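Here are some notes to read alongside the model. Please keep the structure open and find each residue as it comes up.

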Amino acid sequence: MVSTNIPGAQAPAVPADTGRSRGMPRGGAFWLVGLVSVLLLVASTVPSPMYVIYQQRWHFSAAMITVVFGVYALFVLGSMLLFGSLSDTAGRRPVLVLSLLLMALAMVLFIVAGNVWVLLVARAVQGIGAGIATGTLGAALIELSPRSAPARGMLINTVAPTFGMALGALGSGLLVQYAPLPTKLSYIIELVLFVALGVALLFLPETAPSAGSGFRIVLRRISIPKEARRPFALVALSIVAVWSVGGLFLSLGPSLVAQMLHSNSHVLGGLVVTALAGGGTVAQLALGRLSGLRPIALGGLLLLAGLGLDTLALSQHSAGLFFTGTVVLGLGWGTAFMGAFRSMAALADPVHRGELLAAVYVVAYLAMSLPAIGAGIAVPHAGLHTTTNVFTAVVAALIVVALGSLPFVSRHHRSGRVGAHEPVVQHTPGPCCLATHDAAGSTAAPVPVGAH
């Protein structure tokens, strides 16, 4: 979700043309891949404002809302780990076309859905499509970056995730509220765009050095070096807190606003996600130069402040205070994950960094889905307001513990036992992304492809 430039880090060199780069000009190809990145993130949050309608129409519980949300996250994770390096051998172009075909199929399933089970299948297919595109988009953006501006691909990686999330939720909320076919039009628009971009991708220059050597599926290895396990566990507390908050707001946020304000406005439901994602965007652009553990500390304090504001807003039924608190939460969300990701990236040498970062994303996706599902199960018994308050208290406690552990992590960084490796990370990725690797094993800029 969040990104930054690490002080002193150099932008990766733009790979030379592989000799198969025929079709559209490189400049057009670069922006086409960037547009696909944004559209995948838009699609990830389009369903959020509709959850309330689905719930009323099909009479399922809040627990099922979080299951629908969690299924997407878990299928993205599984697809990402299984197919993350597929484009290295099969080629960027065919893998991206396959991804958009799956996304188009998911949109068709959303359009024809008549019950929650079809909705679950649609989210699963969407998750597979998004996961397949993960490493491919990141690699393609780096390989197609203009030689005169090699960092441009990293800039797209920085902006695309949260911008797409915010745009998807807000646009969907507006269409649901004011346009015909409230639970279909957003998906119809997405379907048309995915088909059009899929056709355009047929002319994408092929930039993968080993493209054409066949479809080879390799399960991504997950490993944490022994000496890094304790600091990893401590920093992981911040990741769990960050993504637990994200999962709750991305799944039950619209329902929370509807109950708090006694309003049927789906625009407000979309604005919850937009406020959170927008705060994350501002954080990654404005605070990207923070180094060391400072982003974790600042992000943790912002998360605590945002949780406090939202808790107060719920007790006073104040919409203005709630959305202010959610923006502050977004600032903390982006800043804390930015710091946690960098700190994790420094725990391993370049050869093993990808294995460790895969573990980071396992933690992040499980934290984004499982606590939200747990909250959804609790809602029918304790009520949405009480469940949210208890959830907030638990997350706040996690943040306090994480902040208290920072001196220990800092000592380990200074001692050189762990954290002594300079991470070759140009930006911090967000939901639904996993680092790709160059031939030397260093971490190249990943790209998020959807999360929610």
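1. The largest cavity has a volume of about 50 Å³. The model, which is a predicted one, holds three cavities of 30 Å³ or more. The lining of the largest cavity is made by Ser238, Ala241, Ile296, Gly300, Leu303, Ala336, Ile399, Ala402 and Leu403. Helix H9 (229-261), helix H11 (294-316) and helix H14 (384-415) are the elements that each give two or more residues to this lining.

2. H9, one of those helices, deserves a look along its length. With 33 residues at 1.5 Å a residue, H9 should span 48 Å, and its end C-alpha atoms are 45 Å apart, which agrees. H9 is not straight throughout: a kink of about 65 degrees lies at Leu252, shortly before the proline Pro254. Of the 33 residues in H9, 24 are buried, so the helix is mostly covered. After H9 comes His262, which has a positive phi near 50 degrees.

3. Leu181 is not a glycine, yet its phi is positive, at about 50 degrees. Leu181 sits in the loop between helix H7 (152-178) and helix H8 (185-201). Its relative accessibility is 47%, so Leu181 counts as partly exposed; the cut-off for exposed is over 50%.

4. His317 lies in the loop between H11 and helix H12 (319-345). Its relative accessible area is 46%, and His317 is therefore partly exposed.

5. Which residues form a salt bridge in this model? Arg92 pairs with Glu143, and their closest N and O atoms are 2.6 Å apart. This pair links distant parts of the chain, with Arg92 in helix H5 (residues 92-112) and Glu143 in helix H6 (residues 116-144), 51 residues apart. The count of salt bridges comes to one. Arg92 and Glu143 are both buried.

6. H6 has 29 residues, and the distance from its first C-alpha to its last is 40 Å, close to the 42 Å expected at 1.5 Å a residue. At Thr134, H6 bends by about 40 degrees. The helix is mostly covered, with 25 of its 29 residues buried.

7. Is Leu137 buried or exposed? Leu137, a residue of helix H6, has a relative accessible area of 0%, so it is buried. Buried here means under 20%. The C-alpha atom of Leu137 is 8.3 Å from that of Val36, although the two residues are 101 residues apart along the chain.

8. The last point concerns helix H1 (residues 26-45). Its 20 residues should span 28 Å at 1.5 Å a residue, and the end C-alpha atoms are 30 Å apart, which agrees. Why is H1 described as largely enclosed by the rest of the structure? The reason is that 16 of its 20 residues are buried.

Methods: Residues numbered from 1 in each chain as written. Predicted model: local features only at pLDDT ≥ 70, side-chain atom pairs only at ≥ 80, totals over all residues. Heavy atoms only, no water. Salt bridge = Lys/Arg side-chain N within 4 Å of Asp/Glu carboxyl O. Helix = DSSP H or I, 4+ residues; strand = E, 2+ residues; numbered from the N terminus. Buried < 20%, exposed > 50% of the residue type's maximum accessible area, 1.4 Å probe, protein only. Expected span 1.5 Å × (residues − 1). Bend = angle between axes of the 7 residues up to and from the residue. 1 Å grid on protein atoms, 1.4 Å probe; cavity = no way out; pocket = protein on both sides within 12 Å on 5 of 7 lines; lining within 4 Å. Points joined across faces, edges and corners; volume = space filled by probe spheres on them.
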